[in-house]
Amino acid sequence: MDFELSEELIAVRDLAREFAEKEIAPTAAKDDKDRIFRKDLVQKMGELGFYGSVIPEDYGGSDLGFLAMVLITEEIARVHSAMRVAINMQIGPALTLLQFGAEEQKKKWLPPLVRGDTIGCFAITEADAGSDVAAMRTTASKDGDHYLLNGNKLWISNAPVTNGGLVYAYTDREQKHRGMSAFYADMSQPGVTCKPLETLGAHCSPIGELTFENFRIPAANRLGNEGDGFKICMWQLNQTRLNCAAGALGVARAAKEAAVGYCNQRSQFDQKIGEFQMNQDLIAQMVVHEEAARLLVYRAAWLADMKKPNNLETSIAKYTAAEAAAFAADAAMGILGAYGYSIEFPVERYYRDAKSYQIVEGSSNIQKMIIAQDTLGYRKANRAF
Ligand code: GRA
């Protein structure tokens with residue numbers, strides 16, 4: 001077992017760290033406060049190849065792999081978690097197109113997603129279909145060589161700014177999950193409207209509700225066959241879950257760094273607050289949870305790079321990293337006290353952003369369900385496609 005990163009991976013990680021610290025950090029607090037979508041930064045990340053690490057060169061990527069993707073993602077999320085969501089909105093559709101798209105579809109849609117010219121999204125969730133993906137109601141009915149999409153997608157990241165992404169809908173509701181299909185949709189076409197929504201955290205990641213009313217999608221935009229949608233969706237969630245796991249790891253690290261810095265700077269009762277054992281307990285737990293999460297996230301990425309099934313390992317990594325982020329943000333706020341609670345300092349942003357990781361891309365409870373059911377033999381989490 002080799003725990004050393006290659007020189008190439010170290011260089012990629014350092015590039016992402018430098019970009020995050022020089023270009024994202026200076027305005028992160030203000031961008032968060034003003035809820036600004038930094039399209040310029042999203043496109044710069046595209047220029048730097050941050051979305052292309054998992055995409056072959058033929059389609060505009062660098063093919064560096066999943067380990068590169070998680071290293072980049074961790075560095076970006078450490079500085080501003082909302083910018084991590086932007087990465088996921090590009091690589092989620094891109095990876096799914098790469099896996100299930102026909103050659104023509106890949107040639108057409110992948111390079112602009114990798115560059116950041118297309119601002120991506122993926123529309124799965126609905127008002128009554130969160131954890132229960134198969135409960136979605138959006139339909140796609142055949143109309144000549146098009147489909148007419150009708151329905152509402154809720155909590156869709158990038159909804160207010162997207163011009164292209166994946167939409168999942170039923171082509172045959174009678175077939176339950178086996179009647180779901182996946183489409184690539186040009187979101188700049190008429191028939192889709194967006195109502196922007198606001199959330200507790202991730203303020204620089206615009207989110208909203210998409211309403212499709214007789215929205216026309218060419219039949220040529222379907223991925224795979226009619227009825228393949230649920231399995232495509234499950235495959236996609238496994239990829240985007242790994243990105244979230246890496247993002248949570250970045251937030252856990254940021255919160256720990258803030259706590260450590262403050263412990264060494266702040267004195268009370270004539271000693272540095274790091275000397276109090278109750279704070280040492282929190283620091284130790286932060287370190288342990290973060291390190292465990294890092295090893296699990298890197299292992300899941302390594303398995304993906306080896307083209308080995310990794311759904312179970314990704315769920316374990318996502319759960320561990322999300323809990324590590326939530327713990328670290330909460331502990332950091334305890335250590336920083338009023339300075340943590342104040343909006344003048346970044347810990348309250350970490351706290352708000354950390355919470356999202358226990359909810360998105362399959363909640364912590366969904367990850368636990370997958371892990372436990374696999375262990376008990378009720379479900380096989382790992383599948384080969
Ligand atoms: O028997 P079959 O042939 O019909 O197949 C079944 C099963 O074998 C069928 O699907 C197959 N299947 C899979 N196939 C390939 C199940 N899992 C997989 C897989 N991983 N790969 C039905 O299976 P089932 O187990 O009966 O399905 P279910 O109980 O309806 O649902 C399963 C499950 C709960 C795991 C699923 O619905 C799920 O993952 N739910 C969580 C939803 C989720 O993660 N949503 C994320 C929304 S997007 C988002 O959060 C954006 C965040 C943005 C950001 O911050 O980055």
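Residues are numbered from 1 along each chain as its sequence is written. Because the model is predicted, local features need pLDDT of at least 70 and side-chain atom pairs count only at pLDDT 80 or more, while totals for chains, interfaces and linings use all residues; side-chain values use heavy atoms, with hydrogens and water left out.

We can start with charge pairing. Across the whole structure, 24 salt bridges are found, each being a side-chain nitrogen of Lys or Arg within 4 Å of a carboxyl oxygen of Asp or Glu. One of them joins R253 to E75, with 3.2 Å between the closest N and O atoms. R253 belongs to helix α6 (residues 229-265) and E75 to helix α3 (residues 66-79), so this pair ties together parts that are 178 residues apart in sequence. Helices (H or I, at least four residues) and strands (E, at least two) are DSSP runs, numbered from the N terminus. Both R253 and E75 are buried, meaning under 20% relative accessible area, whereas exposed is over 50% and partly exposed lies in between (1.4 Å probe, protein chains only).

A second bridge connects K153 and E126, whose closest N and O atoms are 2.9 Å apart. Here K153 sits in strand β3 (residues 146-157) and E126 in the loop between β1 (122-123) and β2 (139-143), 27 residues apart. K153 is buried at 0% relative accessibility, and E126 is buried at 7%.

Within helix α7 (residues 277-305), E290 and R294 lie four residues apart, about one turn of the helix. Their closest N and O atoms are 2.8 Å apart in a salt bridge, and both residues are buried. Through shared partners, salt bridges join R17, E21, E74, E75, R78, R253, K256, E257, E290, E291 and R294 into one network.

Turning to the rings, eight aromatic pairs are counted; rings of Phe, Tyr and Trp (its six-membered ring) pair if their centres lie within 6.5 Å, with planes under 30 degrees apart counted as stacked, over 60 as edge-to-face and the rest as tilted. F19 and F50 make an edge-to-face pair, 5.7 Å centre to centre with 85° between the planes. F19 lies in helix α1 (residues 7-34) and F50 in the loop between α2 (39-47) and α3, so the pair ties together parts that are 31 residues apart in sequence. Both F19 and F50 are buried. Y339 and F345 are also edge-to-face, at 5.6 Å and 75°, but Y339 is partly exposed at 38%, as is F345 at 37%. Together with Y262, Y339 and F345 form one aromatic cluster.

Next come the open spaces. A pocket is an open set of points on a 1 Å grid over the protein atoms alone, where a 1.4 Å probe fits, with protein on both sides within 12 Å along at least five of seven lines; lining residues have an atom within 4 Å of a point. The largest pocket holds about 1500 Å³ of space and is lined by 47 residues, with G130, L237, R241, E361 and G362 nearest its centre. Helix α6 gives the most to this lining, eight residues.

The second largest pocket holds about 550 Å³. Among its 23 lining residues, F66, Q99, W235, A304 and K307 are closest to the centre, and α4, α6 and α7 each supply at least two.

Finally, 18 of the 20 residues of α4 are buried, so this helix is largely enclosed by the rest of the structure.

Methods. Grid points are joined across faces, edges and corners, and a volume is the space filled by probe spheres set on the points.
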